[in-house]
Amino acid sequence: WLLTKCNLCSCKIFLLRSAISQSHVKTYTNTECTDGYHWDPLTEHCKDINECETIPDACKGEMKCFNHYGGYLCLPRSASVIPAPEPAITPTPAFNPCPLGYEPHGDSCVDIDECERDEHDCQPSQQCINTLGAFNCQCPRGYSKVGTECIDIDECRFRYCQHRCVNVPGSFSCQCEPGFQVGGNNRSCVDVNECEMGAPCSQRCFNTYGTFMCRCDQGYELGPDGFTCNDIDECRSSSYHCQFRCVNEPGKFSCVCPEGYQLVGTRMCQDINECETGEHQCSDTQTCVNIHGRYQCVDANRCQEPYTHNSDNLCVCPHSKPACRDLPYSVVHRYMTITSERSAPSDIFLIQTTNFLTGSFNTFRIRSGDDNRDFYIRQTNNYSAMLVLARAVSGPREYTLDLEMLSGHPLVGQRSSSVLRLSIFVGPYTF
């Protein structure tokens, strides 16, 4: 018996077999499957073949094999696939007089919202879009639909980023090289001003494209780390910065002079003339003699018997006195100062007669005080001579030289002498 049952959507044929004829009926089974499937005798259904496992090297090069129903896909290794869920077995729906995707509502048919009822087969990561009588499955942003699969889009292939692109499933991110940061459009890279962001420069910072530089103030130098500024010890680097002594200070140096000297400019030292500035303590009966680095008070009257004081610094011993017959007629006191280690030979003092008699002849010599022969006389003419420093001498030291001038005249026949008593003070320094 054949019974046919039909409705608007489908028609099913049932085979009714009587008990009498059951033993004479032969059962037929179809075991043929379409390409990409094979027959499973256990479930008596066609089962999908996993070509990625059965076909050696199904995909070549940098491609990766992805299996899907009835076939397989070769996709880049960076791609990711969201597999579709296994279809659920649903019971046979009740009779519906409306077209597919609609349901009766009173006397009319209304659209079924498969998305709201969760009656769609969209993948979990896909978005269900309801349409009249049906629905669409939309891949999330960053994926493209290939068949029933959602394949990740490698945005880095399109060079969206200015510097470096990092692809992630469904999206991408841009990264910048050191010294830059991602701009407002999340793709371009803009320079970072490290100087405004706390760059570790100890003194001055200069921003450059993609990096920064540290610089130091005058008197400092940049350390090996490129950030720290170290003080330059100018006094150690050279001994010519100051005439006397160099004092290092943070970022600079200063010159100082010894006692009795004052700084001229920034590095030179000059002797202070205490006799002119009034800084001496000589009495009214003394004469202030300025020397290098100090002063000395000497008696205004330095004449000793049998000499008598004639005028300022002049002592006279008349030949009318018996005690003066073998002594120089006059002794004149003079004072001078020279620096230590002065170059030699060097002219240091001019000796010149003040009373010159026509026809007379004069000779000059060092009478006393030069035991080490540090000086000598060079006569320049009949009435003058030059005291010469024979070699460099170190101070502080004091010499008292008696420089004698012997005078004679062919008509008079008697020779006379006069002495210039020169006190030479050698300073302690070369300046």
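## Model and overall make-up

This is a predicted model, in which local features need pLDDT of at least 70 and side-chain atom pairs count only at pLDDT 80 or more, while totals for chains, interfaces and linings use all residues. Residues are numbered from 1 along each chain as its sequence is written, and side-chain values use heavy atoms, with hydrogens and water left out.

The protein has 4 helices and 36 strands (DSSP runs numbered from the N terminus: helices H or I of at least four residues, strands E of at least two). Of its 431 residues, 28% count as buried (under 20% relative accessible area; exposed is over 50%, partly exposed in between; 1.4 Å probe, protein chains only).

## Strand pairing

Strands β3 (residues 37–40) and β4 (residues 45–48) run antiparallel and are joined by 4 bridges; two strands pair if DSSP finds at least two bridges between them. Tyr 37 has Asp 48 in β4 as its bridge partner. The hairpin has 4 residues between the strands, and Glu 44 takes a positive phi near 55°.

β12 pairs with β13 (residues 149–152) over 4 bridges, and Lys 145 stands opposite Cys 150.

## Nonpolar cores

The largest nonpolar core has 19 residues (buried Ala, Val, Leu, Ile, Met, Phe, Trp, Tyr and Cys joined through side-chain atoms within 4.5 Å). Strands β30, β31, β34, β35 and β36 each supply at least two residues of this core. Apart from it lies another core of 7 residues, including Cys 317 and Cys 324.

Leu 422 is among the members that touch the most others. Its contacts (heavy atoms within 4.5 Å) include Phe 349, Leu 387 and Leu 403.

## Salt bridges

There are 11 salt bridges (a side-chain nitrogen of Lys or Arg within 4 Å of a carboxyl oxygen of Asp or Glu). One of them joins Arg 378 and Asp 347 at 2.9 Å, N to O. Arg 378 lies in β33 and Asp 347 in β31, so the pair ties together parts 31 residues apart in sequence.

Arg 367 and Glu 404 also meet at 2.9 Å. Arg 367 is partly exposed at 37%, whereas Glu 404 is buried at 2%.

Definitions and conventions. Lists of a residue's contacts leave out its neighbours within four places in sequence.
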